[in-house]
Amino acid sequence: MADQANKSLISKDLLSSLKELALDLRWSWNHSTDEIWGRLDPELWEVTQNPWVVLQTVSKKTIRDLAADGAFCKKVRQMLRSMREQEDGTPWFPATHPATALKGVAYFSMEFMLSEALPIYSGGLGNVAGDQLKAASDLGVPLIGIGLLYQQGYFRQQIDRNGFQRAIFPFNDPGQLPIRPLRDADGEWLRIPVRLPEATLWVRAWQAQVGRTKLYLLDTNDPANLPIHRGIASELYGGGPELRLQQEAVLGIAGWRLLSALDLDPEVCHLNEGHAAFVVLERAFAYMQKHNQSFDVALTVTRAGNLFTTHTPVEAGFDRFPPELMEQYFRKYAEDELRIQFEELLALGRRNPFDRSEPFNMAYLALRGSCAANGVSQLHGRVSRRIFQGLFPRWPEIEVPIGAVTNGVHTPTWDSAEADQLWTTECGQERWRGTLKNVPLFEKVSDEQLWTLRTTARQSLIQYARQRLARQRLQQGASREEVARAETIFDPQALTIGFARRFAAYKRPTLLLHDPERLVRILTDQKRPVQLILAGKAHPQDLSGQMMIKEWNDFIARADVHSSVAFLSDYDLLLTSHLVEGVDLWLNTPRRPWEACGTSGMKVLVNGGLNFSELDGWWAEAYSSDVGWAMGDGLEHDDDPAWDAHEASTLYDRLEKEIIPAFYTRDDHGIPTAWVAKMRASMLQLTPEFSSNRAVREYVETFYLPAASGYRERAANQSKLGIELASQLESLAEVWKDVRFGAVTMHNEGTQYAFDAQVFLAGLDPNAVEVELYAEPQADGKIFRQKMQPGQRSDSGGYTVYSSKAPATRPVRDYTTRVIPYVSQASIPLEANQILWQK
């Protein structure tokens, strides 16, 4: 009996340890735990990649048997010890910055891609959010995530026998997800009330542990809610405008209220896209209540700590809501809680505050409610400045206050076990957790090692693709012969190209099909064969995207190519992992500049895959001939069919004349030295630069730390600075219409021009404005801005004379004078967009 009790205790200890490991999503980027879950149930682990499901399904007998396996228990203890040692270590942020510099960041996003075990993502936005959450854990940045727990998530895809996409919406059972109910100090499930027109909505909270960071997920499927409200968080990017408005209200309003309920007051609020913009209002409301301030003061204080990241490359992509719908949901919120007129709230989301028919734009609210904003690549930063220029009338596009932080991927999530081992051997286990200083050590890896890595990874991918395609054929009701053919598809030694994207017109997924016969010749060359693995979903309402999937499947059905091309259905994180680990070349064909960043190609870098992409998004700044191949001329051509035809021809040419020869030209040892040289350069130069480690450190130092400091300064001493700034900004807005220029004169002094400008300030303090000499950028891309110095006040007309000199290296007509606001410690023109130009 004593022996039996001891065995039972050991089993319970093992189960408790396994639960601790399974509920920390750190396993999603730690290859060493894969063996543990595979021992419990190999088949279920392979299909689900969900340790929590495996644990709930495994039998007591299996746990007892494993508890008697000393080697297995030792492995589990090692994993727990390693996890706790990482927790107790001193990562980059606390080692670099004092704890008082940044106490907390709340990261709001509609989706997070962390693991296939938590399917609450659609694509790129969730990928960025999930990878940044993981990097924050690695770096010790005090960041928490706020998102929604979808009952169905994004749809799952099946391809039927005729090549059409079918959308399926399986239910996400929270009990099978690696999350836990979030409970208060008394052990009760934390529920947040939000007032809707029909009734109070109760929002439940869940917690996912992501290493050092936490992700809080909001769920509307509470039994106390009306049936129609229980489904608000049912589906990601589904339904119409009203459902989307409800979801975004839950994210922003209930999300900030959850933080308050947890007694958390993060200095920085990061809005990952405009979906989260309602948090701007709720954060200001919470500040009003706590500090007894007006909405204007509260917004002035809190927006100093808000950062808005836009991912949208076209204005049509922003969420907009009709005024009538906004009134239904937000009139009482504005008047009763914010204590402002409803029209004032609408003005925050409109380009023209006086246009009663203009929809409410969430991106406008996000930008107006923040003191900093950024795009997600250098090119996208420029595109965003053009998109948002309408909010800054008469300001030059180059001065629209939107910067850029190029996205990166979480390298430990996307590397293969073999790549991880190679990088660890050369650069150490901590290489992705700090300043990446050890990454250059990878230079020592030999050509043979790199090519072995590539060959092994390709073979693993082909084995996986065969298994997945065979299952797919079975689901389609294919014959035994078709299933058997799927099990032998592809050549493990052939050049393997991956194309996996959302199927949408701007991504041009059928560009490669522009000349089908030429593509067939490329694929079926007996001496230099090429094979292609495709994947991707089209939104259920995007019929043109679905027809592109159909077009590819029709091509694949041809007898002459069906052994060289496969479309793998249900593109998800698991399939992505296998693709980016195994393909030799990642192909991307978006229409510039519609790819805001695009992170799919970044994921192949750590595994030695190369990129062949349009000069758009991240590739526009990453590309050089040393690291891959590019198409496009760096210009915009809209949807010009002639240009598409030209690019298709370029695509074929580059494959035939450059890429395929580089892969198949081998030295005496069978190594394609030109190909491997590009691999080495790509891995060394691009892997660290386009990692979420670099991106998160850049966010911390460029945005988070200044935002935290700005918020604290405005909130200090009972909001003293915030009150002063709100008053100054209001005064500027009231009198700006009366500010005007008088005479402006110029004297040529040989090597320079001397300018004098009379300015009528309408009673403003001269220190409240800056009068500048301005000239448009020249070849260096930099504008000329020079502050003019105030002189004596003119006796006639109340003008103040401002003077300055400028180099006579360009025509005098290039120069003009202007007046802009100057408010110390305010963000201009984000908080004051007035500007006056010399006529």
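What you're looking at is a predicted model, in which local features need pLDDT of at least 70 and side-chain atom pairs count only at pLDDT 80 or more, while totals for chains, interfaces and linings use all residues. Residues are numbered from 1 along each chain as its sequence is written, and side-chain values use heavy atoms, leaving out hydrogens and water.

The term stands for a side-chain nitrogen of Lys or Arg within 4 Å of a carboxyl oxygen of Asp or Glu. How many salt bridges does a search of the whole structure find? The count comes to 55.

Take D24 and R26, whose side chains meet in a salt bridge at 3.9 Å, N to O. D24 is buried, with 7% relative accessible area, and R26 is buried as well, at 5%.

Now move along to D219, which has a salt bridge to R204, with the closest N and O atoms 2.7 Å apart. D219 sits in strand β8 (residues 213–219) and R204 in strand β7 (residues 200–210), so this pair ties together parts 15 residues apart in sequence. Those strand labels, like the helix labels below, come from DSSP runs numbered from the N terminus: H or I with at least four residues for helices, E with at least two for strands.

A third pair reaches across the sequence. R785 and E399 form a salt bridge, their closest N and O atoms being 2.9 Å apart. Since R785 belongs to strand β24 (residues 784–787) and E399 to the loop between α16 (378–387) and β14 (403–404), the pair ties together parts that are 386 residues apart in sequence. Elsewhere, salt bridges link E116, R156, R468, K537, D570 and D572 in a network.

Next, have a look at how some helices pack. Helix α18 (residues 417–427) and helix α19 (residues 447–475) have axes that come within 10 Å and cross at roughly 160°. That makes α18 roughly antiparallel to α19. For the geometry, axes are lines fitted to C-alpha atoms, for helices over the stretch in contact, and angles run from 0 to 180 degrees between N-to-C directions. Angles under 35 degrees count as roughly parallel, over 145 as roughly antiparallel, 65 to 115 as roughly perpendicular, and the rest as oblique. The α18 and α19 crossing is left-handed, a label used when the near helix is turned anticlockwise from the far one by less than a right angle (clockwise would be right-handed).

Which residues in α18 meet α19? E418, A419, L422 and E426 are in contact with Q449, L450, L453 and T456 of α19, where contact means heavy atoms within 4.5 Å. By class, the contact of α18 with α19 has four nonpolar, two polar and two charged residues. Ala, Val, Leu, Ile, Met, Phe, Trp, Tyr, Cys and Pro count as nonpolar, Asp, Glu, Lys and Arg as charged, and the others, Gly among them, as polar.

Another helix pair is α21 (residues 516–523) with α25 (residues 641–664), which pack at about 15° with axes 11 Å apart. That makes α21 roughly parallel to α25, and the crossing is left-handed. From α21, R518, L519 and I522 meet S649, Y652, D653, L655, E656 and I660 in α25. The contact of α21 with α25 divides into five nonpolar, one polar and three charged residues.

Finally, some backbone details. R592 and P593 are joined by a cis peptide bond, omega being about 5°, and P593 is in the loop between β18 (585–588) and β19 (610–614). The I828 to P829 bond is cis too, with omega near 10°.

R508, a residue other than glycine, has a positive phi, near 45°. R508 lies in the loop between β15 (495–500) and α21 and is buried at 5%. S719 also has a positive phi, near 65°; S719 lies in helix α27 (residues 692–735) and is buried at 1%.

Conventions: Buried means under 20% relative accessible area, exposed over 50%, partly exposed in between (1.4 Å probe, protein chains only).
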